[in-house]
Amino acid sequence: MTDHQHAHELAYAEPEKTRSLDAEFLSGHRFPYQEDISLVEDVDLLEATPGEDLNWLEDVELLQEEGVPAVFDRYSNSFLKIYFAIPEGRENEIARKVLVKHLQSGNSYGILLKEKHTKFPQPELGPWVGGSRTVGSDYKPPVLEGWEKPAGH
């Protein structure tokens, strides 16, 4: 095959697609609470629940991602895989504790984006952490260098 033929094939090749993301991909590493159950055992789910609304937590269940137990972090649209043995009958409880630990620690990619992209004041770590600093009080839209608004806008 000549270089020209190879380049022609590449021009029409389908690009690689990512079907799902996980927290490790977004952060570039695993978090200790993904590997050690003792780091989530002390998470108080009732205390960490904002207001009296437990409904959001009831929707959190243990799932599987690429054959590994995982919990879905809707704030970053990614899976948080769990690498320790989960005691039978505690699957959803442990998934919820891992997720809450992830959110409270500020490691959720969605939380990491808040400071730059939040358009209105809100707690950085969300309602899961009392006394969390406020972000979004001075939002300024990002400006692409060299780009100008079209006339009339």
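A cavity, on a 1 Å grid over the protein atoms alone, is a set of points where a 1.4 Å probe fits but cannot get out, and its lining residues have an atom within 4 Å of a point. Keep that in mind for this tour of a predicted model, where local features need pLDDT of at least 70, side-chain atom pairs count only at pLDDT 80 or more, and totals for chains, interfaces and linings use all residues. Residues are numbered from 1 along each chain as its sequence is written, and side-chain values use heavy atoms, with hydrogens and water left out.

**The cavity.** Next, select A23, L26, S27, F31, S76, S78, H102, N107, S108, Y109 and L112, which line the largest cavity. Two elements, α2 (23-27) and α6, each give two or more residues to this lining. The largest share, three residues, comes from α2. The space inside is about 50 Å³, a volume filled by probe spheres set on the points, with grid points joined across faces, edges and corners.

**Y109.** Now pick Y109 in helix α6 (residues 109-117).

Key
Helix = DSSP H or I, 4+ residues; strand = E, 2+ residues; numbered from the N terminus. 1 Å grid on protein atoms, 1.4 Å probe; cavity = no way out; pocket = protein on both sides within 12 Å on 5 of 7 lines; lining within 4 Å.
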